[in-house]
Structures are given as structure tokens and as C-alpha cells.
Amino acid sequence: MSFSQETKNYLSGVNCKKKCCKHSMMYGMLLFAHTFSKDKIRLVTENDRLSELFPGLMRSLFGVICQVETSNRKSGDVKTVNEELKNHKIVCQSPEAWKMYGGGDEDKIGSIRKEIFQCPNCEAA
């Protein structure tokens, strides 16, 4: 298992109870999403746990239902060339998330709204 997969598994296992901690986790995922704009959010991942966590957080924080499409593909890595990998494509739209995390009228992120990350755990992240 790669370092990236281990990290994603660890983070998706963290039980965020406070709303500010959920926002911190969501913000981190959106920063590295395939697409994050006021019109579309698209996250692509091979990680099963992340493909369940992201839609759950979107529903919990913004009431948004995501479409999740899973397909199989062959690994491009020489060491695991015949290994089947899952590819999860998660798509949704949330202008509320765009505004919450500092997006403006233009299609780019402005400044981070630090007031939504309230507890010491969020600030440390």
C-alpha cells in the first residue's frame, strides 16, 4: 500500500464530531479535488473509504447528494501491471461550499475563511 493510500485511510478513519472539524476535512479534500468551482465539484480517487467519506460530508454539511460512479481499471504501475483498481468519480454541485471556503464571483479561491476552523484541532491542521 502506498503512503498516499495509507494517509487517506488514516484520515478517513478520523471521527470528526464537531462541525468545524468536518469543515476542515472537507476543505482539505476540496483543495486537491479534480475540479472545485462554483459550478462543479469533481473528486476522483481509488480509495474506497474516501469515496464514502466525501459524499457523507457533503450531505452532512451542505445537504448535497453526490453522484458516485465506480469503474475498474488496470494498474499502470510496472510492479502491479495486472492488478485491477477501482476508480471512483464523485460529482456534485454546491455553490454554498464554494462560498463557505472562500470562493468569490470569479472561478478561483480567494482567502481562506479562518473563522470556520474554530477548535485547536482544526487550527493545527
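Me: Buried means under 20% relative accessible area, exposed over 50% and partly exposed in between (1.4 Å probe, protein chains only). Which residues of helix α1 are buried?

Reply: In α1, residues 3–12, they are Gln-5, Asn-9 and Ser-12. The model is predicted, so local features need pLDDT of at least 70 and side-chain atom pairs pLDDT 80 or more, while totals for chains, interfaces and linings use all residues. Residues are numbered from 1 along each chain as its sequence is written, and side-chain values use heavy atoms, without hydrogens and water.

Me: What puts these residues of α1 on the same side?

Reply: Gln-5, Asn-9 and Ser-12 cover an arc of only 75° around the axis, and therefore lie on the same side of α1. The arc is taken from the directions from the helix axis to the C-beta atoms. Phe-3 and Tyr-10, on the other side of α1, are exposed. The cover over the buried residues of α1 includes α3.

Me: How is the chain as a whole made up?

Reply: The protein chain has 5 helices and 4 strands, counted as DSSP runs (H or I, at least four residues, for helices; E, at least two, for strands) and numbered from the N terminus. Their order from the N terminus is α-α-β-β-α-β-β-α-α. Of its 125 residues, 38% count as buried.

Me: Why is α2 called oblique to α3, and not perpendicular or antiparallel?

Reply: The axes of α2 (residues 19–31) and α3 (residues 48–62) come within 10 Å and cross at roughly 125°. Under 35 degrees would be roughly parallel, over 145 roughly antiparallel and 65 to 115 roughly perpendicular, the rest being oblique; α2 is therefore oblique to α3. The crossing is left-handed, a term for a near helix turned anticlockwise from the far one by less than a right angle.

Me: What classes of residue make up the contact of α2 with α3?

Reply: Contact means heavy atoms within 4.5 Å. Residues of α2 including Lys-19, Met-25 and Leu-30 meet residues of α3 including Leu-50, Phe-54 and Ser-60. By class, the contact has 11 nonpolar, 2 polar and 2 charged residues.

Me: How do you know whether His-23 is buried or exposed?

Reply: His-23, in helix α2, has 6% relative accessibility and therefore counts as buried. Leaving out residues up to four places away in sequence, His-23 touches Leu-61, Phe-62, Met-100, Tyr-101, Ile-116 and Phe-117. The C-alpha atoms of His-23 and Leu-57 are separated by 8.4 Å, with the two residues 34 apart along the chain.

Methods
Axes are lines fitted to C-alpha atoms, for helices over the stretch in contact, and angles run from 0 to 180 degrees between N-to-C directions. Ala, Val, Leu, Ile, Met, Phe, Trp, Tyr, Cys and Pro count as nonpolar, Asp, Glu, Lys and Arg as charged, and the others, Gly among them, as polar.
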